[in-house]
Amino acid sequence: MSHISHNLRTVRSQIQHAAEQAGRQPRDVRLIAVSKTQPASAIHRAFETGQRDYGENYLQDALTKVSTLADLQLTWHFIGRIQSNKTRSIAEHFQWVHTVDREKIARRLSDARLATQPETPLNVCLQVNIDDDASKSGLAPDAVADLAAQCAELTGIRVRGLMTILAQSEDPDSSYQRMAALYQSLAPQQGWDTLSMGMSGDYAAAIHAGSTMVRVGTAIFGPRIEPIASGSDTTLERSP
Ligand SMILES: *Cc1c(COP(=O)(O)O)cnc(C)c1O
């Protein structure tokens with residue numbers, strides 16, 4: 001058994017354990033394997049264990065894998081920062097985008113999706129900066145309802161819920177609980193079903209709070225070599 005299939009088994013059993021402890025159904029938590037910087041061969045290993053959802057941050061790197069692995073019918077989630085000149089390519093090749101935090105980006109994604117796949121709206125999460133961390137993107141909590149209302153006019157996207165990335169030093173339980181409260185205050189009237197939060201170090205805490213999608217990279221694929229930051233190319237932006 002490769003280390004990837006072993007790690008996936010461990011992560012899945014920990015997701016199940018955390019869900020059960022929280023009185024939730026394990027099937028209500030979807031695992032997104034974050035494969036940024038990992039080769040297509042690593043994704044193939046994960047696929048063999050039944051893993052279908054993959055998260056990517058660096059567009060150029062992702063597009064190579066999307067085309068190499070096209071036969072596998074994977075579900076691709078864009079979880080990186082979105083540059084407005086990349087929205088067309090993102091809308092065309094991904095099924096989900098977790099990092100929408102501006103009306104301009106939402107509109108560009110919607111227009112691009114309508115031009116290529118008008119029958120199937122792009123699934124979107126609105127990214128919230130729950131800890132008011134200056135280094136993180138995302139909306140202030142009190143701006144979420146307005147952006148959701150603007151997005152409701154855009155027929156090429158369908159807002160499914162909220163997403164957050166925590167600051168490293170924060171107490172994850174308290175931040176995830178605040179996210180869950182914000183989500184629950186809006187989800188029924190908005191018809192949302194997705195709360196995307198939790199990474200390798202803290203997904204159990206996120207599941208306890210109510211996460212429905214955890215985005216797990218290093219705990220599945222091992223450590224990665226991050227590209228060097230650069231202003232002009234998404235593929236070279238440093239990840240959070
Ligand atoms: C890299 C990344 C993850 C996964 O992080 P790990 O700590 O490797 O699990 C999750 N979400 C986002 C937005 C990321 O950029």
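**Exercise 1. In which loop is the place of glycine 210? Classify its burial and list its contacts.**

This is a predicted model; local features need pLDDT of at least 70, side-chain atom pairs count only at pLDDT 80 or more, and totals for chains, interfaces and linings use all residues. Residues are numbered from 1 along each chain as its sequence is written, and side-chain values use heavy atoms, with hydrogens and water left out.

Step 1. Glycine 210 sits in the loop between α8 (203-209) and β8 (213-216). Helices (H or I, at least four residues) and strands (E, at least two) are DSSP runs, numbered from the N terminus.

Step 2. The relative accessibility of glycine 210 is 17%, so glycine 210 counts as buried. The classes are: buried under 20% relative accessible area, exposed over 50%, partly exposed in between (1.4 Å probe, protein chains only).

Step 3. Set aside the neighbours within four places in sequence. Glycine 210 is then in contact with Arg24 and Leu195. Contact means heavy atoms within 4.5 Å.

Step 4. Now take aspartate 71, 139 residues from glycine 210 along the chain: the two C-alpha atoms are separated by 33 Å.

**Exercise 2. Describe the surroundings of the ligand.**

Step 1. There are 14 residues around the ligand, and Lys36, Asn57, Ser200, Gly217 and Arg224 come nearest. A residue is near a molecule or strand if one of its heavy atoms lies within 4 Å of it.

Step 2. Sort the shell: 7 residues are nonpolar, 4 polar and 3 charged. Ala, Val, Leu, Ile, Met, Phe, Trp, Tyr, Cys and Pro count as nonpolar; Asp, Glu, Lys and Arg as charged; the others, Gly among them, as polar.

Step 3. Look for polar contacts (pairs of N or O atoms within 3.5 Å; within protein, one must be able to donate a hydrogen and the other to accept it, and residues adjacent in sequence count only if both atoms are side-chain atoms). Serine 200 places a polar side-chain atom 2.5 Å from an oxygen atom of the ligand. For lysine 36, a polar side-chain atom lies 2.8 Å from a ligand oxygen. Threonine 218 uses a polar backbone atom, 2.9 Å from an oxygen atom of the ligand.

Step 4. Taken alone, the ligand exposes 390 Å², and the protein buries 95% of that. Accessible areas come from the Shrake-Rupley method with a 1.4 Å probe; for residues, only the protein chains shown count as cover.

**Exercise 3. Where does glutamine 127 lie, and is glutamine 127 buried or exposed?**

Step 1. Glutamine 127 lies in strand β5 (residues 122-128).

Step 2. Glutamine 127 has a relative accessible area of 4%, so glutamine 127 is buried.

Step 3. The side chain of glutamine 127 reaches the backbone oxygen of serine 137 at 3.4 Å. Beyond four places in sequence, the contacts of glutamine 127 include His98, Asp101, Met163 and Ile165.

**Exercise 4. Compare two loop residues with positive phi.**

Step 1. Threonine 37 has phi near 70 degrees, a positive value in a residue other than glycine. Threonine 37 is in the loop between β1 (30-34) and α2 (40-48).

Step 2. Glutamine 73 is not a glycine, yet its phi is positive, about 55 degrees. Glutamine 73 lies in the loop between α3 (59-68) and β3 (75-78).

Step 3. Threonine 37 is partly exposed, with a relative accessible area of 25%. Glutamine 73 is exposed, at 67%.
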